[in-house]
Amino acid sequence: MLKEFLLKKENIFMFFVILISLFCIVFGFLFLFFGNNKDSDRRIIPNSVTDIKWANFNSDILDKKIQYPEYMDISEQKENQGVGVTIAEFKPKEFLTYFSNQNHISIYPEGLDNQLFYGKTRQGEYTSSTGQSFTKIEYLTTENFVWGVALIPKETPKKWSKNGFIWIQSTLKNKEDLCISKNGILINNVICDPYSDQLPVYKGNLQEQFIRFGYKMINKNTF
């Protein structure tokens, strides 16, 4: 019966049309499924601050619109501890992402204890392009390269507590954890214990570009 069916030209033509149609449907489905997943994971990081495209986010916590780099992800945390906004190069799995090696900016208007941050630091001043003044705390590697910055507004906005600050962390590649004891002796391969007068510091290759991106974002906003 199949042989008789295939002997007719019209039937052969219809058979190939159906076969090609099925192939196109399956191929199209696979392309859409895997193609969309690939695109959603892609991050095209700008080469310089002048190449950044900006997106807008209406923050309920800060009660204002935030401009942030389009290639990044943004999320809010509204619980009692660590209330704020995190902007990261990859979608944050949890809010307190500063413990991970991920480039991110976190904006904390209230509820986060500054004592969570230990390390070798230096303090200075920073004034944004909008004229807002900050106390600037830079977190340093053993070679005195900045790997994190905390900016604390000198004139606190209404929705901020006295602990409100902006935290910019840049990834350290090939990071190695070190400790310095109170007498200045460098300690290797230990779990740093700040309550035993050990100060955690880090060494590695710093991606300074992200620090510049962070300052550019702060200059685009007023907090």
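## A lysine over a ring

Lys 64 lies over the face of Phe 223, at 5.1 Å from the ring centre. A charge is taken to sit over a ring if NZ of Lys or CZ of Arg is within 6 Å of the ring centre and within 35 degrees of the ring normal.

A word on how to read these values: this is a predicted model, in which local features need pLDDT of at least 70 and side-chain atom pairs count only at pLDDT 80 or more, while totals for chains, interfaces and linings use all residues. Residues are numbered from 1 along each chain as its sequence is written, and side-chain values use heavy atoms, with hydrogens and water left out.

## The aromatic cluster

Let's turn to the rings. A search of the whole structure finds eight aromatic pairs. Rings of Phe, Tyr and Trp (its six-membered ring) pair if their centres lie within 6.5 Å; planes under 30 degrees apart count as stacked, over 60 as edge-to-face and the rest as tilted. Tyr 139 and Trp 167 make an edge-to-face pair, because their ring centres are 5.0 Å apart and their planes stand at 75 degrees. This pair links distant parts of the chain, with Tyr 139 in strand β7 and Trp 167 in strand β9, 28 residues apart. Strands (E, at least two residues) and helices (H or I, at least four) are DSSP runs, numbered from the N terminus.

Both partners are buried (under 20% relative accessible area; exposed is over 50%, partly exposed in between, with a 1.4 Å probe and protein chains only): Tyr 139 has a relative accessible area of 7% and Trp 167 one of 1%. Trp 167 also forms an edge-to-face pair with Trp 147, at 6.1 Å centre to centre and 85 degrees between the planes. Trp 147 lies in strand β8 and Trp 167 in strand β9, so this pair ties together parts that are 20 residues apart in sequence. Trp 147 is buried as well. Together, Tyr 139, Trp 147, Trp 167 and Tyr 202 form one aromatic cluster.

Seven bridges join β7 (133–140) to β8 (146–153), and the two run antiparallel. Here Tyr 139 has Gly 148 of β8 as its bridge partner.

Asn 144 is partly exposed, with a relative accessible area of 39%. Another positive phi in a residue other than glycine belongs to Asp 63, near 60 degrees. Asp 63 is found in the loop between β1 (54–59) and β2 (64–69), and counts as exposed because its relative accessibility is 60%. Most residues other than glycine have a negative phi.

## Nonpolar cores

A nonpolar core is a set of buried Ala, Val, Leu, Ile, Met, Phe, Trp, Tyr and Cys residues joined through side-chain atoms within 4.5 Å. The largest one has 30 residues, and Ile 87, Ile 107 and Ile 166 have the most contacts inside it.

Take Ile 166 as an example: leaving aside residues up to four places away in sequence, its contacts include Ile 107, Phe 134, Leu 151, Trp 160, Ile 218 and Phe 223 (contact means heavy atoms within 4.5 Å). A second, separate core of eleven residues includes Tyr 108, Phe 165, Trp 167 and Leu 206.

## A three-stranded sheet

Elsewhere, three strands form an open antiparallel sheet in the order β11-β10-β12. Its edge strands, β11 (186–188) and β12 (199–206), each pair on one side only. Neighbouring strands are turned by 40 degrees against each other on average, direction ignored; axes are lines fitted to C-alpha atoms, for helices over the stretch in contact, and angles run from 0 to 180 degrees between N-to-C directions. Three bridges connect β10 (residues 172–180) with β11, and Cys 179 stands opposite Ile 187 in β11.

How values were computed
Two strands pair if DSSP finds at least two bridges between them.
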